[in-house]
Amino acid sequence: MTTPTALSAPPSDRTRWLALAIVMTAAFMDLVDVTIVNIAIPSIQRNEHASVGQIQWITAGYALAFAAGLIIGGRLGDIHGRKRLFLVGIGGFTLASALCGFAANPEMLVASRLLQGGMAALMVPQVLSIVHATFPAHERGKVFGLFGAIVGLGAVSGPLLGALLTEWNLFGLEWRPIFLINLPVGVLAWLLGRRFITESRAPKALKLDLVGVALVTLGLLMLLYPLTRGRELGWPLWGYVSMAGAFVVFAGLVAYERRKAARDGSPLVELSLFRVKSFAAGIAVQTVFGVALGIFFLVWTLYMQIGLGWSALRAGLTGVPFSLAVSTAAGLSVQQLVPRFGRKVLQTGALVMGAGVLLYLWEADRYGLAITSWQMALPLVVMGLGMGLIVAPLTDAVLSEVPREHAGSASGLINTVQQMGNALGLGLVSVVFYGQIGDRLALAEIGPAFVHAFQHALWYVAGIMGVIFLLMCALPKRPAQHVEGAGEETPAEATPAPERELEPQPAG
């Protein structure tokens, strides 16, 4: 590469807000696609005769491919252009959605979901990178507030959309429209993105670290594959050996990346980013938070549809209070609460979400199989408010002090660790949920067994929220969302930017 900087003139105000709408739509597609599948799991299992292991792979396989490819996707965007990689990713994501929708058997569906996750890994890191490169620092607080609201809305509106599409059984396609709905949205976003998104790259030439790619992929597979299939295979010894070996591989990755950075300055994982305290602490919180979400959303769906015997539509509608609470709290947190109270907002969010989990646990125990949707509303609202207080300001806090030339790498790491946590949580469902359910249950035993397993899983989620509260003590008291870039150039400067050190920029 000989032209490492942005390739076009600075975008107009109208153009960059249109670009924001396009990349936010892509982010929304990805978030909905993660959760929309959960609500259709019973329909897929019933109509396609999928095994428990295949069902886990339909959900965890997406997260696994997503996590394995995110750092690579972020780095490729830095090298070849974020707009270009975004268009490749959203085009591939749309194609993979079509393959999922027309899958002839569970095996094809699993393979298509893996492809879909890989394409999302090319698309999603570019979203925050394009925002980071397009908007000046003083506007990013507002943008990240919008992003947090989209995150909250997308993550919990997926079940409702999936429920409607499954219940309507459009054209006799059963669960398939949950994937096919991505086709018109994806094609439109690709066409508009090609026209309105401004190209940007890292301000110095980089190379793709193929050895780092191999080590990241190998380590993730060694850790997550045994977790996902362990219960189905009876927890064989090789699974434990593989999980232990994954940490050896990750240690080797760190050593190799240090040598790579010193040799040519193009490592896959920019380890110097972890010298930025806000980034390192935020990465830890993102990982553990992903575990909690991975466990909760899947067991929640199984509890309502299989344990309580509710329809997909009723289960989806039950999540509406959660969706509204997350979106409301996310919008308020960055714009009004964090500038005034700082880190305390995120810590309050962890405590509030944990309190909502405990309230849900108490109600599930008190009402048992007779629990109603309106009785679930209060704990769901409390949980949603807590989640909303976390998701939007956390992204801002993690990226606020990251130099723009490493925006793609940092964005990829943020999403990677959250998806790693999510895949880990999905894998742990075998232990914390299915581990409490017998292999052969009479029809009358299914409901009580699933209610008990749901309560057991909620104890783990509540404990994880406590861990998150403690980890947040390492975040800066006042995330510098409006400090970085004060006096810096316009986001898409037409001349090369000088290299910057990776230490945090001083406030003011």
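Modeller: Let me begin with α10, which has 31 residues and reaches 44 Å from its first C-alpha to its last, close to the 45 Å expected at 1.5 Å a residue; that expected span is 1.5 Å times one less than the number of residues, and helices are DSSP runs (H or I, at least four residues) numbered from the N terminus. This is a predicted model, in which local features need pLDDT of at least 70 and side-chain atom pairs count only at pLDDT 80 or more, while totals for chains, interfaces and linings use all residues. Residues are numbered from 1 along each chain as its sequence is written, and side-chain values use heavy atoms, with hydrogens and water left out.

Colleague: Is α10 mostly covered or mostly open?

Modeller: Mostly covered, since 25 of the 31 residues of α10 are buried, where buried means under 20% relative accessible area with a 1.4 Å probe and protein chains only.

Colleague: And T301, where does that sit?

Modeller: T301 is found in α10, residues 277-307, and is buried, with a relative accessible area of 4%. A polar atom of the T301 side chain lies 3.1 Å from the backbone oxygen of F297.

Colleague: What does T301 touch?

Modeller: Leaving out residues up to four places away in sequence, T301 touches N38, I39 and I306, with contact taken as heavy atoms within 4.5 Å.

Colleague: Switching to cavities, how many are there of 30 Å³ or more?

Modeller: The count comes to 5 cavities of 30 Å³ or more, a cavity being a set of points on a 1 Å grid over the protein atoms alone where a 1.4 Å probe fits but cannot get out. The second largest cavity holds about 70 Å³ of space, with volume taken as the space filled by probe spheres set on the points.

Colleague: Which residues are closest to the centre of that second largest cavity?

Modeller: Of the 11 residues lining the second largest cavity (an atom within 4 Å of a point), the closest to its centre are I39, P159, W300, T301 and M304. The largest share of that lining, 4 residues, comes from α10.

Colleague: What about the largest pocket, which residues lie nearest its centre?

Modeller: L220, F250, L253, V417 and M420 lie nearest the centre, out of 22 lining residues, and the volume of the largest pocket is about 450 Å³. A pocket here is an open set with protein on both sides within 12 Å along at least five of seven lines.

How values were computed
Helix = DSSP H or I, 4+ residues; strand = E, 2+ residues; numbered from the N terminus. Buried < 20%, exposed > 50% of the residue type's maximum accessible area, 1.4 Å probe, protein only. Polar contact = N/O pair within 3.5 Å; in protein donor to acceptor, adjacent residues only side chain to side chain.
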